[in-house]
Amino acid sequence: MSSEERRILFLVIVIFCCIVAFIIPKIYSYKLKKKFSEFYDVPLSKEMRVKRDKEDRRYNVFSLNLPHWLYQNKDGSPDRRRNYNKMVYPNSYLYLDGYIVLTNDFKNLYRLVKALRLRDVRIEMCSQEQAKLNRLKTTEVLSRVSTSINDLLFTFSDQPQDFEKFCASLYEKLGYKVTVTPPVNDGGYDIYLERGNTTGIVECKLYNSSNSIGRPLIQKLVGANGVVKADKMIFITTSYFTKGAERYARDMGVEIVDGKDLISMINTLNNNNADEDTKDIDNSFEWQLSEEELSRF
């Protein structure tokens, strides 16, 4: 065999080994993914990968690792000083019965977890679910015991949308059917009320007691009702209204609820519902994240 033939043979062997080294793991991963999908009877999206977990874990757990800027400010916004900044999409992981499912699409991984839970597969809470559970428990306590504006600010300052849901729960206790509007494009109000033939819209503002509500914010609610045509307009705040806002609200038929009124309302409803059984939040699955909550991350 000539030296040229030996070089060609060596090149062919190298190429063959590279192909085998590339294909065999792909085949193994495909079969593992198919086995997982068939065993748990759940579909896996195309970008998901499945590996064997070599660690002996006591519980099935998962982590949602959210997209973030490579260089970011403290509030999570991009650092504009770096022109080459970009979004990073880290892998999220599910560790389940000796398998590892990983994907850089955290929403798809979470949908998989919820589908598995519906099949009675026990999977522990992730950090985002635990945070929501803590907020729910705090809200439940706030809705049953005497509270203060500082309690509300401390509880909801990081998640103002949850303050809207808390206010909605108060009107549910008053017998209304409530609908909380999505945070994006909410139409100028946060809650839609229905009770019998009566409808209403509610705007909620979680403000520090030193920040007042002026006439322009009341006008915005009135403008929104020009489209909705509800029977009642209600504006709730944890702070207070300026004199001009109070006069305008009175002239336009807007019911205003300031911080003192809100606390009185909460405590009155607490007393009226003191004998009700508290929810078993831990076992209700209310702590699972909704699609709306996933979209906020």
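This is a predicted model: local features need pLDDT of at least 70, side-chain atom pairs count only at pLDDT 80 or more; totals for chains, interfaces and linings use all residues.
Q: What length does helix H6 reach from its first C-alpha to its last?
A: Helix H6 covers residues 215-228, which gives it 14 residues. At 1.5 Å a residue, a span of 20 Å is expected. The span in the model is close to that, at 20 Å.

Q: Where do the buried residues of H6 lie around its axis?
A: The buried residues of H6 are Ile 218, Leu 221, Val 222, Ala 224 and Asn 225. They cover an arc of only 160 degrees around the axis. An α-helix has 3.6 residues a turn, so residues three or four places apart point the same way.

Q: Which exposed residues does the face of H6 turned away from its buried side carry?
A: The buried residues of H6 pack against several elements, among them strand E9 (198-205), strand E11 (232-237) and helix H7 (243-252). The face turned away from that buried side carries the exposed residues Pro 216 and Val 227.

Q: Is Phe 22 buried or exposed?
A: Phe 22 lies in helix H1, residues 3-40. With Leu 11, Ile 15, Ile 19, Ile 23 and Ile 27, Phe 22 forms a nonpolar patch on the surface, of about 560 Å² accessible area together. A residue counts as exposed when its relative accessible area is over 50%. Phe 22 has 54% relative accessibility, so Phe 22 is exposed.

Q: How many residues apart are Arg 111 and Glu 291?
A: The side chains of Arg 111 and Glu 291 meet in a salt bridge, 3.0 Å from N to O. This pair links distant parts of the chain, with Arg 111 in helix H2 (residues 106-118) and Glu 291 in helix H10 (residues 291-296).

Q: Is Glu 293 buried or exposed?
A: Glu 293 forms a salt bridge with Lys 165, with the closest N and O atoms 3.6 Å apart. The pair links helix H10, which holds Glu 293, to helix H5 (residues 160-173), which holds Lys 165. Lys 165 is partly exposed at 31%. Glu 293 has a relative accessible area of 6%, so Glu 293 is buried.

Q: Which residues do salt bridges that share partners join into one network?
A: Arg 57 forms a salt bridge with Glu 55, the closest N and O atoms being 3.8 Å apart. Arg 57 counts as partly exposed at 31% relative accessibility, and Glu 55 as exposed at 53%. The network of salt bridges that share partners consists of Asp 53, Glu 55 and Arg 57.

Key
Residues are numbered from 1 along each chain as its sequence is written. Side-chain values use heavy atoms; hydrogens and water are left out. Helices (H or I, at least four residues) and strands (E, at least two) are DSSP runs, numbered from the N terminus. The expected span of a helix is 1.5 Å times one less than its number of residues. Buried means under 20% relative accessible area, exposed over 50%, partly exposed in between (1.4 Å probe, protein chains only). The arc is that of the directions from the helix axis to the C-beta atoms. Contact means heavy atoms within 4.5 Å. Patches are made of residues with over 30% relative accessible area and no salt bridge: like charges are joined within 9 Å, nonpolar side chains (Val, Leu, Ile, Met, Phe, Trp, Tyr) within 5 Å. Accessible areas come from the Shrake-Rupley method with a 1.4 Å probe; for residues, only the protein chains shown count as cover. A salt bridge is a side-chain nitrogen of Lys or Arg within 4 Å of a carboxyl oxygen of Asp or Glu.
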